[in-house]
Amino acid sequence: MRFSVQYPMPADQPVAPDAMAADIAAWAGTVEAAGFDAIAFTEHPAPSRKWLENGGHASFDPYVALSYCAALTSRLRLLAFLAVLPYRNPLLTARAAVSVDVLSRGRLTLTCGTGYLRSEFAALGVDFEERNARFDEALEVLNRAWAEPESVQYDGRGFTAREQAFRPGPIQPRAPLWIGGNSTTARERVVRHGIGWAPLMASAELSKTSRTPQISDLPALTSAIADLHDRLERAGRDPATIDVCLAAGNRSPIVDREGNRFNAEAELDWIGQVTAAGVTWIGVSAYAAHAAANADALAAYGEQVIQRVRA
């Protein structure tokens, strides 16, 4: 089992802009020292104020933030979680992703999603109804950028690639793509394009908001992972080579805004259950109002949970 944690960016971000670089540096160092395996940033380039004021969160450009973290760390994988592929021309996404891959010496993972905020699609000039078609195109282009970086060819929706070259080319031997979402379509995309699946255990409300089918409990998660494995085997792919990263979803953070912390024994029990179901990565969150409380909780989680899982 491996562990990732997302940099906390609530809409009412308590860290002043001029202190954020230092805060991220401290956060990344704490995460790596605590034994986590990855640090994550999500993508919301143009969220609406209404969304931010009703449960949304602030964000950086993930490729910029992950490049910064690449220079601050030596071991952590760098997760875009989620990268909303329909928002960008896929060649621009490929250039950004390959750049992070090179600068991190091959530590990038792209967890890819179709997106769900209509207002953000509108702000970016992207047809919301075309998001699935654009998503599939982007997956194909990203795989081609890794497989044939000197000659990417593709006829897409509004763009044409004719032997476009990526120099420098990527370090990792294949595109490090995890596919987010709970649908059978998401799992089939893993079979065709990815090396990982990122399901979300969530309430009906959160599932509706994020426009993905509900996976609400362990039996449903177990069944979905079994379905993924069946699809992989039918396609001649080994399920053991595919990661399953369970997103935090509605789970309580390891520390909340009031400073309430995780229960180690309950956490270990839950990790044992999802491991048996086939999960290989767990995403956690930490949302204390003060950086020191987050750092203390991360260190405690590393000692009381991560070390014990690996003992």
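1. Glutamate 188 and arginine 231 form a side-chain salt bridge, 2.8 Å from N to O; a salt bridge here is a side-chain nitrogen of Lys or Arg within 4 Å of a carboxyl oxygen of Asp or Glu. Because glutamate 188 belongs to helix H7 and arginine 231 to helix H9, the pair ties together parts that are 43 residues apart in sequence. Salt bridges with shared partners join Arg187, Glu188, Asp227 and Arg231 into one network.

2. The model is predicted: local features need pLDDT of at least 70 and side-chain atom pairs count only at pLDDT 80 or more, while totals for chains, interfaces and linings use all residues. Residues are numbered from 1 along each chain as its sequence is written, and side-chain values use heavy atoms, with hydrogens and water left out.

3. Glutamate 188 is partly exposed, at 26% relative accessible area, whereas arginine 231 counts as buried at 19%. Buried means under 20% relative accessible area, exposed over 50%, and partly exposed in between (1.4 Å probe, protein chains only). In helix H7 (residues 184–193), the buried residues are Ala186, Arg187, Arg189, Val190, Val191 and His193. These buried residues pack against helix H6 (131–147), strand E7 (177–180), strand E8 (196–198) and helix H9 (218–234). Contact means heavy atoms within 4.5 Å; helices (H or I, at least four residues) and strands (E, at least two) are DSSP runs, numbered from the N terminus.

4. The structure holds 16 salt bridges. One of them joins arginine 2 and aspartate 243, whose closest N and O atoms are 3.2 Å apart. This pair links strand E1 (residues 2–6) with strand E9 (residues 243–246), the two residues being 241 residues apart. Arginine 2 is partly exposed at 34% relative accessibility, and aspartate 243 is buried at 16%.

5. Aspartate 61 and arginine 88 also meet in a salt bridge, 2.8 Å from N to O. Aspartate 61 lies in the loop between helix H2 (49–52) and helix H3 (62–72), and arginine 88 in the loop between strand E3 (77–84) and helix H4 (90–103), so the pair ties together parts that are 27 residues apart in sequence. Aspartate 61 is partly exposed at 31%, as is arginine 88 at 21%.

6. The count of disulfides is zero, a disulfide being a pair of cysteine sulfur atoms within 2.5 Å. The closest cysteine sulfur to that of cysteine 69 belongs to cysteine 245, 17 Å away and therefore too far for a bond. Cysteine 69 is buried, at 0% relative accessibility.
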